[in-house]
Amino acid sequence: MGLEAKLKQDGFFTTKLDAIIGWARQSSVWPMPMGISCCAIEMMAAADPKYDIARFGSEVMRFTPRQCDLMIVAGTVTYKMSHVVRKIYDQMPDPKWVIAMGACTSTGGMYRSYSVVQGIDQFLPVDIYLAGCPPRPDNLLNALIQIQNKIGRTKARDFQDLKLPELNVIQNN
Amino acid sequence: MTIKEIIKNKLQENFKDASLEFSEYKDEFVIKVDKKIIASVCKLLKTDTELKFLICEDITAVDWATRKNRFTVVYHIFSLKNNIRIVVKADVDEADCSIDTVSSIWRAANWQERETYDMYGIKFNNHPDLRRMYMPEEFEYYPLRKDFPLMGIPGSLPLPKK
Amino acid sequence: MEALKKDEVNPKILEALLKDSDITIDDALDNEMILNMGPQHPATHGVLRLLLKLDGETIVGCVPDLGYLHRGYEKMAENMSYYEYIPHTDRLDYISPMANNVAWVLAVEKLAGIEVPVRAQYIRMIIAELARIASHLVAIGSFAMDVGALTVFLWTLREREKIMDIWDVLCGARFTNSYTRIGGVANDAQPESLKLIRDFIDQFIPNLDECERLLNTNRIFVERLDGIGAISREDALDLGFTGPNLRASGVNIDLRRATPYLEYDKMDFEVPVYNEGDCLARYFVRTDEARQSKAIIRQVLDKMPQGPVRAAEPKKVLPHKADVYSKMEELIHDFMIVNFGINPPVGEIYHAIEGSKGELGFYLVSKGEGHPWKCKIRSPSFNNIQALPHLVKGAMVSDVVAIIGSIDPIMGEADK
C-alpha cells in the first residue's frame, strides 16, 4: 500500500499495478469469522465439504484479526458484545471490508428488545448486507463473490487518506 | 401412602406453626411457604432420607404487578429416588425485596439466584457472590419487571463510536 | 488471550476471582496472572468469556462472564402470542432447532389441554431424535477439532449436511425450521422425506464408526482427555448438571424414561451410562446416544400410523390453509387465533424434555390472555457452565479447551 500511495498519477504503470494488486487481493480474501450465534453455524456450513469456501480463495478462516481482510459478522450483536466487535475491527489492518450476515446484524432482525443493537451499521461501516435468517451458505458465497468484484475494482488512490467520518450514534431506533 | 402425602405429613410435622398451603394443578404438586422459613424447608426436602430432593432444577420469580406481594419466587426441585418434581413458592413484597438464599443447600442455585437478582432485583441474603448475570454491571434497571419497557431505556447501554 | 492488569478488570469480578485463593503472599497478584479468554475465541463454542487466575500454567480460579448474547427472550415472550414465539424457540439451542420447537409446543399444549393426534407425535419423535443426532455430530466434531484432530470436524459436518437436506425436503428450511405447531405439525411428512430418512439412518452407523476409528485408538486424543475434568456423582448432581454430562458421572436419569413425553414409553432403547465422569466418558456417552437415536428412529418409522397431523380443536389449533381459503368458519377461527391468540385457562405449568444438552424446560404462567404472563426457559447449557469453575481448578490452560468442548455449551441457550 505504501508504494501505491506514493504514485499519485493514473498513468499506464499505476493502472497495471492496480489491476495486479486488485486481482491478488480479491483471489485470496481471508475472512475473519465473527461467529456469534446461529449464522455462525451456516458460516461453518459454508466451509464444509458441500459448499466449499476454500475454492473461492478463502482457504483459511483465521481467528486472529491481524491476518484477515474481511470480517463476517454472523449473529446477533448485543450492546455488551458491540464493544468487543468494534475492538476486533480496529485491530484488523487496512484494507478491510465487512459483511453483515443475516437479519440480526443488518437491522436487529426478529429481536426488537432492550439489549440487541438494531443493526451493526450504527458502529461499523458495512459493505454488504445479507438477507436471511440464517442465509443459506449459497447466499454467503454469493456475497463473497460480490465482495471479490468490489475488491478487484479498487484503486490505489482510494487508500491514500483514510478517515472514517464520525456519525452520530442513533440508539434504540 | 403416596409420595405427595408423605411430603405433606413430613412438612406439617416439622413446621407446625408455619402456614403451608398445598395444591395440585395438572399433576404438579405446589407448596406455598412463608419466605422466612424457606431455607429450613428446602434443607428438610434435601436431607431427609425418604424425600431426597437432590436436584434443584430452576429458580425464578414472577412479577404480578400488584401493590401487595408483588413477586413470587418459584423453586422447581426434582427427586431421583421418588421420580417426582415439586414446586415450592414464596411471596416477596416490593418494600422488603429480599429472601434467604438456598445456595448453601444446592450449589446449582448460585447462578440461578444471580439471574433472578439481575432480572427482578430480588436480593438473596447471605448469597456468596451476588452480582449481575447477563446485563453489564453498570446497568441500573431490572429488565423483567413489568414497568421496564420492551425496547429498553435509551441511553442506558453505551455503544462504541463509529 | 492477553494478561490483564488489576484495574482493567471490573472490581466486582476481581473480588469474586480473588476470593478463593489459598496462596498467602503479600501481593496476591505478584505470582499469579489474570488471563482473559475473551468472548471472541476459536475454541469457546460461542461468546463465553472466562477470566482465569493462573499460577504459572495451572489454573487457580475461574470466573465465567455470560451475557454477551442476551437477547431478551423472556421479555419478548410476554409481548407476543404463543404461536408467534415458535420461531424464537428455534434460535435457542441453534444446533438442534427442532427439539426446542417440540419442547415449546408440548409445554403450551399441557397448559391449554390440547390432545395431539398420534401421527403428529410420531413425526415429532423422529425430528427430535434427528436433532439430537445433528447436535451430537457437531459436538463430537468441534470437540475433536479443539483437541487437534481437524479432519473429524469436516467428516461430521458432511453427515450433518445430509440431515439438513432431509429437513429441507420435509419442511422447506434447512435450519431454524419452526416445523411444529400447537396441536400438531405444520404439514404431513411426505413419503419422499420418509424414504430419505430411512436411507440416511441405514448408512449413518458405518460413517460414525469411521469417524470414531480416527479417534478412539489415537494416543494423543486419549491421553489428552483421560482423567481430565473428572467430576464425582454427588458434585454433578449438586452443581446442576443434566443430560449426557450427568450420565457420564454415573447417574442414570433420562427424562425420556423418568417422565415420558410423546410416545417414548412405547419405544425400546438403552440409556448409556458411564462411571468415570471425565472428558472421555462424556465423549463416549454422546457417540452411544447417537447410535441409540438411530434405533429409536427405525422403530418409529416401522410403527408410524396413518392419520391427521393436527388436532381438531377449532378454537385453539390453526386450521389447514386450504380450508381457510374456502370455508367461512375456518377463516374466522384463523383470524381470531392469529390476532388474539389461543387463550389457555389461568394457571402455570412447567414442562421439560430431554434435549441434546440436558433438561430443556419451559415454565409458563398464564392469566387467560393470548400471550403468556411469564415464560421462563430452563436452559441446560446455563446450568452446565456453572460447573466449569469446579472442573478447571488444578488443570492446565490447554485442558480448559478440552473441558469446555466436552461440556458442550451453546451460548444462544445459556444467555437466552
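Let's start with Thr156(C), which sits in helix α6 of chain C. Keep in mind that this is a predicted model. Is Thr156(C) buried or exposed? Thr156(C) is buried, because its relative accessible area is 2%, under the 20% cut-off.

What does the side chain of Thr156(C) reach? It gets to the backbone oxygen of Phe153(C), at 3.0 Å. If you set aside the neighbours within four places in sequence, Thr156(C) is in contact with Leu137(C), Gly141(C) and Cys211(C).

## The helix around it

Helix α6 of chain C runs over residues 150-171, which makes 22 residues. From its first C-alpha to its last it reaches 32 Å, close to the 32 Å expected at 1.5 Å a residue.

Besides Thr156(C), the buried residues of α6(C) include Val152(C), Phe153(C), Leu157(C), Ile163(C), Met164(C), Ile166(C), Trp167(C) and Leu170(C).

Glu159(C) pairs up with Lys162(C) in a salt bridge, with the closest N and O atoms 3.2 Å apart. Both residues belong to helix α6 of chain C and lie 3 residues apart, about one turn of the helix. An α-helix has 3.6 residues a turn, so residues three or four places apart point the same way.

Glu159(C) counts as buried because its relative accessibility is 1%. Lys162(C), at a relative accessible area of 29%, is partly exposed.

## Two links between α7 and α12

Now for the pairs that reach across chain C. Arg198(C) and Asp302(C) form a salt bridge, the closest N and O atoms being 3.5 Å apart. Arg198(C) is in helix α7 and Asp302(C) in helix α12 (residues 279-303) of chain C, so this pair ties together parts that are 104 residues apart in sequence. Arg198(C) is partly exposed at 35% relative accessibility, while Asp302(C) is exposed, with a relative accessible area of 53%.

The side chains of Arg291(C) and Glu212(C) meet in a salt bridge as well, at 2.0 Å from N to O. Here Arg291(C) comes from helix α12 and Glu212(C) from helix α7 of chain C, so to speak distant parts of the chain, 79 residues apart. Arg291(C) counts as partly exposed at 24% relative accessibility, whereas Glu212(C), at 9%, counts as buried.

Salt bridges that share partners also join Lys46(B), Arg107(B), Asp235(C) and Asp238(C) into one network. Over all chains, the count comes to 51 salt bridges.

## Where chain B meets chain C

How many residues of chain B are in contact with chain C? There are 48 of them, touching 50 residues of chain C. Together the two chains bury about 4,300 Å², with 54% of that on carbon and sulfur atoms. Arg107(B), Trp111(B) and Tyr134(B) supply 19% of the area that chain B buries against chain C, more than any other three residues.

The rule finds 10 salt bridges across this interface. One that joins the two chains is between Glu115(B) and Lys416(C), at 3.4 Å from N to O. There are also 24 residue pairs in polar contact across the interface. On the chain B side, β3 (55-63), β4 (71-79), β5 (84-92) and α3 (109-120) each supply at least two of the residues that touch chain C. β3(B) gives the most, with 8 residues. By class, this side of chain B has 27 nonpolar, 5 polar and 16 charged residues.

## Chain B as a whole

Chain B has 3 helices and 7 strands, in the order α-β-β-α-β-β-β-β-α-β along the sequence. Its C-alpha atoms fill a box of roughly 65 × 30 × 30 Å along the principal axes.

Of the 162 residues in chain B, 56% are buried. Among contacts in chain B between residues at least 6 apart in sequence, 50% join residues at least 24 apart.

Note on methods: Residues are numbered from 1 along each chain as its sequence is written. Chains are lettered from A and ligands numbered from 1 in the order in which they are written. This is a predicted model: local features need pLDDT of at least 70, side-chain atom pairs count only at pLDDT 80 or more; totals for chains, interfaces and linings use all residues. Side-chain values use heavy atoms; hydrogens and water are left out. Helices (H or I, at least four residues) and strands (E, at least two) are DSSP runs, numbered from the N terminus. The expected span of a helix is 1.5 Å times one less than its number of residues. Buried means under 20% relative accessible area, exposed over 50%, partly exposed in between (1.4 Å probe, protein chains only). Contact means heavy atoms within 4.5 Å. Buried area is the accessible area (1.4 Å probe) that two parts lose on being put together, summed over both. A salt bridge is a side-chain nitrogen of Lys or Arg within 4 Å of a carboxyl oxygen of Asp or Glu. A polar contact is a pair of N or O atoms within 3.5 Å; within protein, one must be able to donate a hydrogen and the other to accept it, and residues adjacent in sequence count only if both atoms are side-chain atoms. Ala, Val, Leu, Ile, Met, Phe, Trp, Tyr, Cys and Pro count as nonpolar, Asp, Glu, Lys and Arg as charged, and the others, Gly among them, as polar.
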